[in-house]
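Please examine the sequence and the structure before reading each solution.

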Amino acid sequence: VIDPSSLTKFRKLRLPDEGLLDMLVGKSVEIAIEHNILKDPTIILDATHTRACFNKKSPKEFLQEKSKNVRKAVYRVDESMQGKFPDKPLSNDLQEELEYCRQIISTVESSKSIEVPAVKERLNVLKEVVEDYEENMIQSDDPDARTGFKSQDTSFFGYKSHLAMTNEERIITAAVITSGEKNDGKYLRELVDKTRNAGVNVDTIIADTAYSERENIRFTNEHKMELVSKLHPLVTNGSRKNDEFEFNKDAGTYMCKAGHLAIQKKYDGCTKHNKNPRYRYFFDVERCKVCPLKEGCYKEGAKTKSYYVTVKSTEHTEQEAFQETERFKELSKSRYKIEAKNSELKNRHGYKKANYSGLFGMQIQAATTIFAVNLKRILRLKNQKES
């Protein structure tokens, strides 16, 4: 019998080259086409979240865990070190915990225990955490999971699954798995391309406001597709190029490239300059001062950090007219179907929580779950057709 660890390593090395997610989703769509089930050229797009299998930790909790691992490794080698470590901080202050970790590092480096590989490995981990503490990021044993937002006051820690599903048959035709902080609207083109590659013709796309940004409207117009996505006055970034700020439609505010949400919004009518009205979003300057990505974004010494957004963009005139038509309103009523599909994935197939850590593990879970859900739907439609 092959050793389990060797077998696991073999599978992990081989599977990434197979493109398992696209392969299984594409195979299920192929089966549906073979049985003459897929006929509707309309797809619905949406993203659903999955919680990570590990809980998120604050920087202080993460520091405490790594310093504890160092102490335990030292005690196994030299029990006499128990009385030589500094006293643990009793407050919740991050700076005190950081100073305590530095003292732990200094104490271990001055002892003979540093020569033991097990101690040295844990000490190096603690050093890296101390060096990175200024980022003030949520830490976890899952290296790929990130914090995303369902609303301005509600967040989750995990992953997002961006899905495309046919309107009438309700079969998932494409999927993209990302970390939790990614913007939904950025994956419209990839989902449409994957759906087409799977053999499904697309002429209409139904989605929420996150997908109505300017680039998506241009893409659908170029390919002669209808985009049934209601405009949001704060979705677009106006005429800015290479912008690092994105609108988080769940939180209802803007987010910088470091993942920080704006803390305040102010309306500017711009009546004096005969310009379109705009919103000014303010960010927390104290965060900006210690942000590792502040170069080119935050000016040293500035008392405020803000971001302007035009309320209405001229590029959306045609889309605005389209969303007032009866056809748009009628098609919009079908968007609930993908919400029901998300509920089926989560409540019946355990998609609420990731079974493994890492993005690769999440992709495997998504591939097998979507494949199973599609096959169930195909069998049901096939039985209905025969009866």
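**Exercise 1.** Determine which residues aspartate 46 touches, not counting residues up to four places away in sequence.

*Solution.* Step 1: locate the residue; aspartate 46 belongs to strand S1, strands being DSSP runs (E) of at least two residues and helices runs (H or I) of at least four, numbered from the N terminus. Step 2: list its contacts, where contact means heavy atoms within 4.5 Å. Aspartate 46 touches Ser161, His162, Leu163, Asp208, Tyr211, Arg335, Ile338, Glu339 and Asn342. Step 4: assign the accessibility class. Aspartate 46 counts as buried because its relative accessibility is 4% (buried is under 20% relative accessible area, exposed over 50%, partly exposed in between, with a 1.4 Å probe and protein chains only).

The model is predicted: local features need pLDDT of at least 70, side-chain atom pairs count only at pLDDT 80 or more, and totals for chains, interfaces and linings use all residues. Residues are numbered from 1 along each chain as its sequence is written, and side-chain values use heavy atoms, with hydrogens and water left out.

**Exercise 2.** Describe how helix H11 and helix H12 pack, and state which residues meet.

*Solution.* Step 1: take the geometry. H11 (residues 336-349) and H12 (residues 359-386) pack at about 110 degrees, with axes 11 Å apart; axes are lines fitted to C-alpha atoms over the stretch in contact, and angles run from 0 to 180 degrees between N-to-C directions. Step 2: classify the angle; H11 is therefore roughly perpendicular to H12 (65 to 115 degrees; under 35 is roughly parallel, over 145 roughly antiparallel, the rest oblique). Step 3: name the residues. From H11, Lys341, Glu344, Leu345 and His349 meet Thr369, Val373 and Lys376 of H12.

**Exercise 3.** Identify which residues of H11 are buried, and what covers them.

*Solution.* Step 1: the buried residues in H11 are Lys337, Ile338, Lys341, Asn342, Glu344, Leu345 and Lys346. Step 2: their cover includes strands S1 (42-51), S3 (155-166) and S4 (172-179), together with H12.

**Exercise 4.** Is asparagine 36 buried or partly exposed?

*Solution.* Step 1: asparagine 36 is placed in the loop between helix H2 (20-34) and S1. Step 2: although not a glycine, asparagine 36 has a positive phi of about 55 degrees. Step 3: its relative accessibility is 43%, so asparagine 36 counts as partly exposed.
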